[in-house]
Amino acid sequence: MNMHLPRIRLASGLLLGAALLAGEASAQTCAAPAALAINQSTWIDTCFADTSLVFVCQMFELSGPAGIARVTLPYPVGRISVQSMTGGYDPVLFLLRSQCNNSSSCGMAVDSGFVIDTLELREVDSGDYYLAIAPMAGFSQSVPCGQVLVTYSMTAAEQALTLDGVFRGGISAPSSNP
């Protein structure tokens with residue numbers, strides 16, 4: 001009888017692990033985006049992503065759900081790389097400025113046609129962005145959803161710039177009156 005106890009524990013552990021993955025998957029929508037941390041990777045399963053986002057950058061129609069991540073750029077340095085982990089899934093990356101909806105303006109869009117797409121952040125302004133990851137209608141014969149690994153990376157020098165208070169919002173010049 002005790003021989004079955006470890007199997008029950010293992011099965012409950014697997015169920016708990018699946019529940020945690022489902023919980024992470026639900027945090028990939030415009031309402032609850034995944035947070036990108038510097039020099040860390042984030043796993044996003046777009047099959048559990050935002051289906052209300054059907055147009056991006058006011059002109060591109062999506063052909064599958066959009067995995068959403070949020071990134072704040074106090075200084076525009078670094079890069080975001082997205083690697084498809086699902087065969088046949090080739091998403092386009094859209095950097096949406098300040099808001100995440102069907103009428104959001106676009107900071108940048110990238111699709112290299114390879115397994116890894118990279119956004120060079122030095123090409124955009126500082127600010128708050130949403131990264132939408134989804135295939136574009138009529139652009140590729142991609143499967144409608146899949147799993148991706150998102151990496152937000154910076155060199156040590158780039159990271160030092162983001163930590164410098166000069167580039168943070170809300171800073172004002174000193175008063176001319178002593």
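Two strands count as paired if DSSP finds at least two bridges between them. The model described here is predicted. In it, Leu-93 stands opposite Val-110 in strand E8. This pair belongs to the contact between E7 and E8 (residues 106-110), which pair in the antiparallel sense over 4 bridges.

The protein chain has 178 residues, of which 38% are buried. Its secondary structure comprises 2 helices and 11 strands. Read from the N terminus, the order of elements is α-β-β-β-β-β-β-β-β-β-β-β-α. Among contacts with a separation of 6 or more, 77% involve residues 24 or more positions apart. The chain exposes about 9,900 Å². Carbon and sulfur atoms supply 60% of that area.

Strand E7 spans residues 92-97. Of its 6 residues, 5 are buried, so E7 is largely enclosed by the rest of the structure.

A separate description applies to an open sheet of 4 strands. Their order is E2-E11-E6-E9, and the pairing is antiparallel. Strands E2 (40-45) and E9 (116-120) lie at the edges, each pairing on one side only. From one strand to the next, the twist averages 20 degrees. Strand E2 is joined to strand E11 (residues 147-153) by 6 bridges, and these two strands run antiparallel. Trp-43 stands opposite Leu-149 in E11. In general, strands of a sheet pair through backbone hydrogen bonds, either parallel or antiparallel.

The loop between E10 and E11 contains Ser-142. Buried means under 20% relative accessible area. Ser-142 has 15% relative accessibility and therefore counts as buried. Neighbours within four places in sequence aside, Ser-142 is in contact with Gly-88, Tyr-89, Asp-90 and Pro-135. Ser-142 and Pro-91 are 51 residues apart in sequence. In space, their C-alpha atoms are 7.4 Å apart.

Aromatic rings were examined next. A pair of aromatic rings is described by the distance of the centres and the angle of the planes. The count comes to 1 aromatic pair. The ring centres of Phe-60 and Phe-94 are 5.8 Å apart and the planes meet at 35 degrees, so the pair is tilted. The two residues come from distant parts of the chain, 34 residues apart. Phe-60 sits in strand E4 (residues 60-61), and Phe-94 in strand E7. Phe-60 is partly exposed, because its relative accessibility is 27%. Phe-94, at 0%, counts as buried.

The structure also holds 3 disulfides. A disulfide is a covalent bond between the sulfur atoms of two cysteines. One of these links joins Cys-30 to Cys-100, with an S to S distance of 1.9 Å. It connects distant parts of the chain, 70 residues apart. Cys-30 lies in the loop between helix H1 (5-26) and strand E1 (34-35), while Cys-100 lies in the loop between E7 and E8. The link of Cys-30 and Cys-100 is left-handed, with -45 degrees about the S-S bond. Both cysteines, Cys-30 and Cys-100, are buried.

Another disulfide joins Cys-47 to Cys-145, with 2.1 Å from S to S. Cys-47 lies in the loop between E2 and strand E3 (55-56), and Cys-145 in the loop between E10 and E11, so the pair ties together parts 98 residues apart in sequence. The torsion about the S-S bond of Cys-47 and Cys-145 is about 85 degrees, so this disulfide is right-handed. Cys-47 counts as partly exposed, at 39% relative accessibility.

Cys-57 and Cys-106 also form a disulfide, their sulfur atoms 2.0 Å apart. Cys-57 is in the loop between E3 and E4 and Cys-106 is in strand E8, so parts 49 residues apart in sequence are tied together. Cys-57 counts as buried, at 6% relative accessibility. Cys-106 counts as partly exposed, at 31%. With the bonded cysteines numbered in sequence order, the pairing reads 1-4, 2-6, 3-5.

Key
Residues numbered from 1 in each chain as written. Predicted model: local features only at pLDDT ≥ 70, side-chain atom pairs only at ≥ 80, totals over all residues. Heavy atoms only, no water. Buried < 20%, exposed > 50% of the residue type's maximum accessible area, 1.4 Å probe, protein only. Contact = heavy atoms within 4.5 Å. Areas by Shrake-Rupley, 256 points an atom, 1.4 Å probe, with all protein chains shown as cover. Axes fitted to C-alpha atoms, helices over the stretch in contact; angles between N-to-C directions. Phe/Tyr/Trp six-rings, centres within 6.5 Å; stacked < 30°, edge-to-face > 60°. Disulfide = S-S within 2.5 Å.
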